[in-house]
Amino acid sequence: MANVKIVATTGCPTGIAHTFMAEESLKKAAKKLGVEIKVETHGQVGVENELTKQDIAQADGVIVAADKDVYAYRFHGKPTVEVSVAKGIHEAEQLIQTIIDGKAIVYKTKESDAENEDESVSSNNKNNVVHSIYKHLMNGVSHMLPFVVGGGVLIALSFLFGIHSADPDHESYNPIAAMLNDIGSLGFQMMVPILAAFIAESIAKRPGMVVGFIGGLIASNGGAGFLGGIVAGFIGGFIIVLLGKLLEKMPKSLNGLKSIFLYPLIGILLVGVIMTLLVEPMTTINEGMINFLSNFQNANPVLLGLIVGAMSAFDMGGPVNKAAYVTGTALLGEGNFYFMAGVSAACITPPLITAFATVLFKKYFNQAERNAGGVNFILGSTHITEGAIPFAAKNPIIVIPILMVGSSVSAILTYMMNIEVPAPHGGFLVLPVVTGAIQWVIAILIGSLVGAFIYGFHKKRAYLKDQQSKGGGNDGQQIA
Amino acid sequence: MDNKLLDINQIKLKQQLTTQEEVFEQIAAIAVTQGIASDPEEVVVGLQKREQESTTGFQDGFAIPHAQVDAIKRPAIVVVSSKEGIEWNALDRKPATFFIALLVPKREAGTTHIQSLASISRMLIYEEKREVLAHAEDANTVMEELAGAFA
């Protein structure tokens, strides 16, 4: 029998130690078992000893020992063993033996996370699912973040020219402000599609991205907000995974056709139809919420504040939040400046919660989060609620309720102190025209700090828990 | 060459340590005394963060904690061993006693240092090397053995 040739790739999040230990371990084992091996390393300094197309084509099998994305889709169609970097280090001989014995499974472009760990001793299944959902969300959020920050700060800058300076019909119109606002708004419009695109990309690589992007655009245009975007991302990713399974039987020679024609065509069609149907009820939900809210317009301050606060922080730009905002602006037109004060307070609070939390509980946030938190002081102060979305999207089930509590506190205090805000936007920039400006700021600060402490303690607990049990989320952004 | 990776003063054997936290604090303290890092706390947090992602415990009592944070001014290796075994979630479930910490500045451009650090990790794959280190009675032996990895 001719010499067995194996190619392998290793990688770990930090790329200082384990990547290279796995490399050495595989080489050592290969030597012992008398097989030829080439190991590519994804370390701190980038990819070294990179596998060429020819290397891969000539190999009898592939070993992927990595805890980060090492572009495994390159190995499509090759017998592949895919494991964590730790197994690459400790079980190198078994891995190579699996390939020699021809027991390796032919690699198909797929999401591997759940699959390669089911043989692992210590991890249980449920954790894997949670972990991979978190990983997909993180991928979406980290790509979305720059759009939120860049777009948000530009919009905030345009407010400095006056709250209505971007409106050509207004006397304070300023072309530079209008341009800043337009550019910033474009960044914001990309936010949800990018979120969806990269959630799907994390699930199903490049074909997933295309489908997620279109799904996200539909969610965004349909008014489904970032929660709709998250849904679109997961649907998009799984459509491609499913298509991959359905098209498995197709002859290999048609692989090119699959990725350039079939995946995008069928994928976009499917996600388009599903998402269109899903966003259909958004208008109804929005209108329903507006009606619901109108029943409480004259309710007591605590109840009204609770409802307005919870609605404003619930989906930040989705149908529920918009219902509160639209009601607020409509009532402004009727001369009711009281209602809007609570809505504004509730919309300013979520970014400030994240901002204060990253300052007060610095230790439990990574660098990217701390930077985004700093920017959120600006976005919060200018009523750009979207700044909180990257934080919320990472862990919506926990973070959204926290934001809702903080916003409710701000809104309740605002209503109790009878504050009046006559402007629909602008945050603290409109303070000169606010009746009870100081009390308003205090109300918002209290709500933000309450939220920040709950959020901070949650992060602290998660951090400590993570430290006890091994593993946990690996933060791809921290040190790639 | 003033910024060498390893120095005899960066090796402290048979320390009285009982928890992971104490090990990290010891590593950070050595790093600060030797002018490798400016802020011990940041080094500890960096090491903990990495540990959180997945254990750096290897096998036979060896662990390679590492960190890449702003407070680290130059790349360096700090070696600590403890008298008692410390739980490290290592894959072989043995407690750890020998810690080879790899400290890297946030902005480490030079690839040579990373490669030197990587070669330390590679070395641990070999059982005979591990044995020499585990049985080393003094810092000089460890120093010589590790220096061999750079060759």
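Q: In this predicted model, where in chain B is confidence lowest, and where is it highest?
A: Helix α3 (residues 111-123) of chain B has the lowest confidence, with a mean of 78, while helix α1 (residues 20-33) of chain B has the highest, at 93. Across chain B the mean pLDDT is 86, and 94% of its residues reach 70 or more. For the complex, the predictor gives an ipTM of 0.85 and a pTM of 0.57.

Q: Why are α9(A) and α11(A) called oblique?
A: Helix α9 (residues 255-294) and helix α11 (residues 319-333) of chain A pack at about 45°, their axes 8 Å apart. Roughly parallel needs an angle under 35 degrees and roughly perpendicular 65 to 115, so α9(A) is oblique to α11(A). Their crossing is right-handed.

Q: What makes up the contact of α9(A) with α11(A), by class?
A: Among the residues that meet are A:Met282, A:Ile285 and A:Leu293 in α9(A), and A:Pro319, A:Val320 and A:Lys322 in α11(A). By class, the contact has 10 nonpolar, 3 polar and 1 charged residues.

Q: What makes β3 and β6 of chain A edge strands?
A: The open sheet of 6 strands in chain A runs β3-β2-β1-β4-β5-β6, with mixed pairing. Each of β3 (46-48) and β6 (105-106) pairs on one side only, which is what an edge strand does here.

Q: How do you know that β2(A) and β3(A) pair?
A: Pairing takes at least two bridges, and 3 bridges join β2 (residues 36-43) to β3(A), so the two antiparallel strands qualify.

Terms used: Residues numbered from 1 in each chain as written. Chains lettered and ligands numbered in written order. Predicted model: local features only at pLDDT ≥ 70, side-chain atom pairs only at ≥ 80, totals over all residues. Axes fitted to C-alpha atoms, helices over the stretch in contact; angles between N-to-C directions. Helix = DSSP H or I, 4+ residues; strand = E, 2+ residues; numbered from the N terminus. Parallel < 35°, antiparallel > 145°, perpendicular 65-115°, else oblique. Left-handed = near helix turned anticlockwise from the far one by under 90°. Contact = placed C-beta atoms within 7 Å. Nonpolar A, V, L, I, M, F, W, Y, C, P; charged D, E, K, R; others polar. pLDDT = per-residue confidence, 0-100.
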